[in-house]
Amino acid sequence: DVDVPESHPRYESLLTRHRIEAGVEKGITSKQGLIAQGRGEAYDYLLGERTIPTADAAARAAAAHLLRADHAVLSINGNVAALVPGEMVELAEATGADLEVNLFNRTEARMEAIADHLREHGAEDVKGLTADGRISGLDHERAKVDADGIGDADVVLVPLEDGDRAEALAEMGKTELVVDLNPLSRSAQTATVPIVDNIIRAIPNVTEHARDLEGDPEAQQQAIDEFDAEAALDAAERAIRGGDIE
Ligand code: PTJ
């Protein structure tokens, strides 16, 4: 990785930046991914770079949805692949979900590089390269999915998703789980479960909740029933604006 002293006050943030940079160098992350990361970092700084209680409740509800799904798919883009490849593989294993590469700026080279990168991190089956399905209501390149992946899924985790696609997936009736540090983004606003947290913290947290909820349908139902998306988005916005966190 990179030579940042652990005592540095912005250690995590610098490490994250380095991973995104390395992602661009490896042909995994797009240049726009750098801009997206900068935007995310600004929100995270204002949040105090921590998981607020409503984000933790969202992570638990997301874990419950993944465990109860008939077919759950975790969507991977260039930022997600650079930041949390092993963590996404672990979450897929903990919940029985599929992994699918799904890009906003789709190129075959980046699709292949990301699929290889995930396999290097332990993924066995990586979907997305067949691209024989479509998300309705989007233009050609951005609509491509695997028919037996996101096309068939009832629950999808779409971290750092573009707003148009998040809306289109929701309109197809899928239960949408989003990770996005901006509570005002359309993705967060249209999600069944918006997790307003840094993906670096959010994914391992969802996995931990999944392990805790596994085999306990009552606790899963409770995590889903108790989560209020609108209240969680409001709480995150208040936290970012400098208000109290309840
Ligand atoms: O690899 P591709 O081609 O699929 O492109 C991926 C990006 C992320 C570049 C693309 O989807 C994009 O442009 O997304 P946006 O519209 O910039 O939205 C990304 C959202 O994720 C923004 O609201 C950011 O605040 C948020 N975000 C960025 N970094 C993080 C984050 N949220 C959580 N954790 C982060 N580390």
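Which atom type of the ligand lies 2.8 Å from a backbone N or O atom of G78? It is an oxygen atom of the ligand. The structure is a predicted model, in which local features need pLDDT of at least 70, side-chain atom pairs count only at pLDDT 80 or more, and totals for chains, interfaces and linings use all residues. Residues are numbered from 1 along each chain as its sequence is written, and side-chain values use heavy atoms, with hydrogens and water left out.

**The ligand and its surroundings**

- The ligand is surrounded by 22 residues, of which the closest are R39, G78, F104, R110 and D180; a residue is counted here if one of its heavy atoms lies within 4 Å of the ligand.
- The side chain of D180 has an N or O atom 2.8 Å from an oxygen atom of the ligand.
- A backbone N or O atom of L160 lies 3.4 Å from an oxygen atom of the ligand.
- On its own the ligand has 740 Å² of accessible area, and the protein covers 94% of it; such areas come from the Shrake-Rupley method with a 1.4 Å probe, and for residues only the protein chains shown count as cover.

- L160 is placed in the loop between β6 (155-159) and α8 (163-171); helices (H or I, at least four residues) and strands (E, at least two) are DSSP runs, numbered from the N terminus.
- The phi of L160 is near 50°, a positive value in a residue other than glycine.
- L160 counts as partly exposed because its relative accessible area is 29%; buried means under 20%, exposed over 50%, and partly exposed in between (1.4 Å probe, protein chains only).
- N79 belongs to helix α4 (residues 78-83), and N79 counts as buried because its relative accessibility is 7%.
- Neighbours within four places in sequence aside, N79 is in contact with I20, T29, G33, A36, Q37 and L160; contact means heavy atoms within 4.5 Å.

**Nonpolar cores**

- In soluble globular proteins, nonpolar side chains tend to be buried together.
- A nonpolar core is a set of buried Ala, Val, Leu, Ile, Met, Phe, Trp, Tyr and Cys residues joined through side-chain atoms within 4.5 Å.
- The largest core has 53 residues, and L74 and M88 touch the most other members.
- Helix α3 gives the largest share of this core, eight residues.
- A second, separate core has 11 residues, including V73, I150, V156 and V158.
- Apart from neighbours within four places in sequence, M88 is in contact with L74, S75, I76, V80, L99, L157, P159 and I203.

- Helix α6 (residues 108-120) has 13 residues and should span 18 Å at 1.5 Å a residue, which agrees with the 18 Å between its end C-alpha atoms; the expected span is 1.5 Å times one less than the number of residues.
- The buried residues of α6 are R110, M111, A113, I114, A115, H117 and L118.
- Among the elements that cover these buried residues of α6 are β1 (72-76), α4, α5 (85-95), β2 (98-101) and β3 (126-127).
- Just after α6, G122 has a positive phi of about 105°.
- The buried residues of α10 include I199, I200, N205, H209 and L213.
- Just after α10, G215 has a positive phi of about 75°.

- E41 is found in helix α2, and E41 is buried because its relative accessible area is 15%.
- The side chains of E41 and R17 are joined by a polar contact of 2.9 Å; a polar contact is a pair of N or O atoms within 3.5 Å, and within protein one must be able to donate a hydrogen and the other to accept it, while residues adjacent in sequence count only if both atoms are side-chain atoms.
- E49 lies in the loop between α2 (31-47) and α3 (53-68), and E49 has a positive phi of about 50° although it is not a glycine.
- D228 lies in the loop between α11 (217-226) and α12 (229-240), and a polar atom of the D228 side chain lies 3.2 Å from the backbone nitrogen of E230.
- D228 and A61 are 167 residues apart along the chain, and their C-alpha atoms are separated by 9.7 Å.
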